[in-house]
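Biologist: Before I plan any work, I would like to go through this model with you. Could we begin once it is displayed?

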Amino acid sequence: MSFLDAGIEFAFSFDQLYDRLQSMPAPIRLRELIRTIRTARTQAEEREMIQKECAAIRSSFREEDHTYRCRNVAKLLYMHMLGYPAHFGQLECLKLIASQKFTDKRIGYLGAMLLLDERQDVHLLMTNCIKNDLNHSTQYVQGLALCTLGCMGSAEMCRDLAGEVEKLLKTSNSYLRKKAALCAVHVIRKVPELMEMFLPATKNLLSEKNHGVLHTSVVLLTEMCERSPDMLAHFRKNEKLVPQLVRILKNLIMSGYSPEHDVSGISDPFLQVRILRLLRILGRNDDDSSEAMNDILAQVATNTETSKNVGNAILYETVLTIMDIKSESGLRVLAINILGRFLLNNDKNIRYVALTSLLKTVQTDHNAVQRHRSTIVDCLKDLDVSIKRRAMELSFALVNGNNIRGMMKELLHFLDSCDPEFKADCASGIFLAAEKYAPSKRWHIDTIMRVLTTAGSYVRDDCVPNLIQLITNSVEIHSYTVQRLYKALLDDISQQPLVQVSSWCIGEYGDLLVSGQCEEEEPIQVTEDEVLDVLEGLLASNLSSPVTRGYALTAVMKLSTRFSSVNRIKKVVSVYGSSIDVELQQRAVEYNALFKKYDHMRSALLERMPIMEKTATNGPTEMVQTNGEAEPSGLESKHPPSITQPASQANDLLDLLGGNDVAPVIQTTPAAKPASAGGELLDLLGDLSLSGDPAPQVPVSQPSFLLDGVSSQPLFNDVAAGIPPMTAYNKNGLKIEFTFERSNTNPNIAIITIHASNHTETEMTNFVFQAAVPKTFQLQLLSPSSNVIPALNQGAVTQVIKILNPQKHQLRMRIKLTYTHKGSPLQDLAEVNSFPPQSWQ
Amino acid sequence: MMRFLLLFSRQGKLRLQKWFTPLPERERRKIVRDMTMMVLARSPRCCSVIHWRDLKIVYKRYASLYFCSALEDPDNELLALEVMHRYVELLDKYFGNVCELDIIFNFEKAYFILDEFLLGGEVQETSKLLVVKSTEESDLLQETMEEYMRKPAF
């Protein structure tokens with residue numbers, strides 16, 4: 001039993017004697033309490049014991065009993081560690097600190113460090129005690145004060161006591177000096193302005209022999225140099241710190257065995273590491289300093305024993321220093337090679353640390369790190385989570401145009417097998433890398449497909465629009481893409497991002513899918529019904545999120561212009577018109593309207609999307625949701641390629657829809673400046689000959705929301721300049737009359753209002769009026785008032801046509817009429833030539 | 001610098017907590033809970049470094065006790081392992097074949113030793129001998145009960 005224990009035994013028997021002289025029983029001893037509490041079998045039992053004891057302690061505090069205060073506070077600290085409140089002991093700690101007894105002070109300061117924090121004003125009461133104790137005759141009391149101040153001193157306390165600390169920094173007592181140094185570090189961290197006052201005291205700190213003082217001095221100097229560039233410059237030049245540190249480090253390495261400081265054959269590794277860290281700060285961006293430390297760094301790097309963790313700790317710090325200063329290339333290569341060796345080390349910590357360091361240096365020494373790429377990639381297969389993460393980050397940093405294929409293989413394999421917490425980051429990283437370095441479009445699409453199928457549910461939401469944009473722009477492989485996505489959908493519909501991209505593509509390129517053509521691989525035979533089955537399946541499935549259902553519904557709708565099984569599509573759409581999901585319901589209702597009232601606009605709206613420009617701000621996110629409802633505002637300015645693209649699409653549409661009664665209205669994407677677009681649109685229609693060619697070279701019909709760039713003023717401002725009306729068509733009971741007006745804003749514009757009336761006995765429904773004009777003209781057709789012409793002239797359908805005729809050519813027009821009469825659909829083409837001259841001159 | 005040092009058992013019971021930055025009590029308790037959960041969940045095959053918030057958590061298990069320290073970014077993780085090992089050696093030297101029970105029943109002494117080894121989150125003494133020597137000499141300064149009773153408080 002130690003002397004101390006004997007003392008306690010003796011003390012406690014005296015204690016009992018003392019107790020009998022007192023009326024009150026002595027408070028239970030600390031170890032006794034601990035023993036008792038540990039016998040508690042349940043949490044409730046423990047709580048009960050503690051509450052009882054706390055009550056006893058509280059009353060003892062209230063009675064200002066300074067005999068047992070120390071014991072009670074000690075017990076309180078134990079209970080505090082178990083998680084019970086102990087704030088009522090805070091003031092007691094202060095009283096203990098103020099006591100003369102060392103035992104009291106020891107527990108008091110400990111309590112202060114555990115229970116007090118600088119948020120409470122109570123702690124300021126300590127300041128005076130600490131000040132007194134800093135000047136105490138016993139060094140261990142001074143030590144307590146320094147320790148407490150250095151651990152938890154608030155800014156105010158630091159300000160008050162900095163002078164005392166500075167005094168102690170200059171003492172010859174190494175026990176106090178080392179503590180004062182760290183205390184000064186704390187003061188500087190709390191009150192940086194006070195840094196200056198410690199400068200004089202640092203003068204000969206490094207000439208100490210005592211390792212404790214050396215170590216803490218290096219820490220102090222490091223703190224000062226990091227905080228103030230002026231200090232840094234001062235220490236570099238005036239104090240010649242670097243040579244001093246080099247000398248000390250050299251002594252440590254060269255010196256013989258020192259049992260006091262030895263750790264596995266290395267002398268004072270703590271000091272070595274701190275010196276290396278300070279050298280790093282001194283050598284950063286400074287050629288002279290870097291050169292002065294070159295040799296010692298090389299020496300440490302080559303001579304340090306690497307069999308134990310301690311040696312590797314020093315090597316690690318050395319490598320960090322070498323990479324951060326202006327070291328010569330030989331030294332840098334040495335450093336990277338050390339890291340390379342670390343990567344092969346059995347110790348996981350060392351591998352982890354190596355990967356972290358390589359990540360820091362990959363920017364500056366890219367080529368050197370590349371050499372270790374295969375080892376790094378192997379670390380992807382490591383069992384440790386932290387190592388895998390680092391390896392993944394580093395792998396992404398190392399991907400370049402040359403190694404993209406190989407690296408991607410590894411990364412995709414990693415994506416397959418890694419933990420869920422990595423998948424999102426890995427998927428995003430792969431997308432980024434693929435975007436930057438993809439060797440071919442097909443490879444890019446394949447890579448994306450692989451990611452979507454293996455980690456589809458972890459892909460970030462913003463990836464979906466980016467991918468759609470990418471797919472749209474890879475024009476040559478649309479059928480390949482849609483085919484692969486379709487096949488993936490057949491396998492699995494649970495991964496939402498994959499499903500969303502797939503449904504979008506099927507909606508957009510469904511025609512290519514059923515056409516049985518594919519550029520890159522064997523085309524699969526898919527029927528329209530099979531495709532619609534899949535999409536309907538998505539709509540009905542519980543696995544689909546509401547967003548996904550939206551995609552699927554829109555895709556189905558788009559197929560109405562690409563497939564022939566329109567009725568089935570109509571049915572699907574109308575079912576969802578009563579869906580509980582408001583978004584879905586709204587879509588279905590609007591699409592329904594597209595089938596009924598606005599059928600003539602449907603093909604235009606659901607046309608193929610043009611190549612999207614990726615905007616800097618939010619990319620084509622707007623595109624996705626609007627798909628068919630191509631808002632001009634969402635699209636960027638038109639470049640020629642994007643205009644020609646719809647032309648070829650238009651041809652596709654016509655080819656596919658061939659003899660369909662539903663006339664495709666070719667809507668080339670309305671531009672932000674329709675005026676110029678109008679000209680191009682008309683160009684697409686080719687030459688309008690008057691030879692009665694029934695080819696459906698049709699009319700440009702633009703929806704009314706596309707208001708004109710031509711005139712933003714109300715149309716009928718001007719008084720009709722007295723242009724006589726004319727009958728344009730009169731056959732089979734359908735009569736169409738034209739009335740004319742001139743726009744007052746632009747004299748080249750003629751405004752024609754058609755009045756369609758029906759003097760048969762049955763009404764004409766699904767009435768669609770279309771018009772085309774020769775190239776030199778521009779035509780804009782606004783929406784009709786209705787598409788039902790009531791029977792017996794009971795009402796007329798009116799529609800406005802605006803004609804721009806800058807060259808003042810004679811106006812000619814070809815019109816096409818489509819309507820249903822007495823149950824059968826009818827269609828007629830006619831030419832209108834006899835326009836009154838005033839309408840076009 | 002080290003931000004905090006925690007010692008806890010394999011059942012998650014806290015045995016020592018040293019905080020080197022001011023934090024409110026609630027925050028401290030939360031961090032202790034988080035650390036305990038995080039470290040105890042790690043398999044033995046994992047490396048000893050965890051990234052948590054902006055800190056590096058370095059931990060090591062000695063018998064039934066986990067030593068868990070939080071470092072700032074510039075700190076050396078491998079050295080932190082050495083620091084924790086040194087602390088265990090100091091405890092061992094002081095208590096003689098230290099075990100968890102020693103630290104439970106004499107927790108205040110564990111703190112006293114720690115306060116001779118670390119200060120403000122940094123190592124203050126790199127000599128094993130000197131740390132133990134200072135602690136033992138301080139112990140001698142502690143009054144016996146008789147002295148304690150006789151000595152005036154103020």
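Modeller: Chain B contains 6 helices and 7 strands, where helices (H or I, at least four residues) and strands (E, at least two) are DSSP runs numbered from the N terminus. This is a predicted model, in which local features need pLDDT of at least 70, side-chain atom pairs count only at pLDDT 80 or more, and totals for chains, interfaces and linings use all residues. Residues are numbered from 1 along each chain as its sequence is written, chains are lettered from A and ligands numbered from 1 in the order in which they are written, and side-chain values use heavy atoms, with hydrogens and water left out.

Biologist: What percentage of the residues of chain B count as buried?

Modeller: Buried means under 20% relative accessible area, exposed over 50%, and partly exposed in between (1.4 Å probe, protein chains only). Chain B has 154 residues, and the share that counts as buried is 63%.

Biologist: How many residues of helix α4 of chain B are buried?

Modeller: This helix spans residues 107–117 and is mostly covered. Among its buried residues are F107(B), E108(B), Y111(B) and F117(B). The number buried, out of 11, is 11.

Biologist: What area do chain B and chain A bury between them?

Modeller: The size of an interface is often given as the accessible area lost when the parts come together. Buried area is the accessible area (1.4 Å probe) that two parts lose on being put together, summed over both. Contact means heavy atoms within 4.5 Å, and here it takes 86 residues from chain A and 72 residues from chain B. Carbon and sulfur atoms account for 59% of the area buried between the two chains, which is about 7500 Å².

Biologist: Which residue of chain A forms a salt bridge with E108(B)?

Modeller: A salt bridge is a side-chain nitrogen of Lys or Arg within 4 Å of a carboxyl oxygen of Asp or Glu. Between chain B and chain A the count is 7 salt bridges. In the one formed by E108(B), the closest N and O atoms are 2.7 Å apart, and the partner is R31(A).

Biologist: Which helix of chain B gives the largest share of the side that touches chain A?

Modeller: That share is 10 residues, and it comes from residues 128–141, helix α5 of chain B.

Biologist: Is R274(A) buried or exposed?

Modeller: R274(A) lies in helix α14 (residues 269–283) of chain A. Leaving aside neighbours within four places in sequence, R274(A) is in contact with H215(A), V218(A), V219(A), T222(A) and E122(B). Because its relative accessible area is 7%, R274(A) is buried.

Biologist: How far apart in space are L115(A) and L77(A), C-alpha to C-alpha?

Modeller: L115(A) belongs to helix α6 (residues 102–115) of chain A and counts as buried, at 8% relative accessibility. Not counting residues up to four places away in sequence, L115(A) touches several residues, including L77(A), H80(A) and C93(A). L115(A) and L77(A) are 38 residues apart in sequence, and their C-alpha to C-alpha separation is 8.2 Å.
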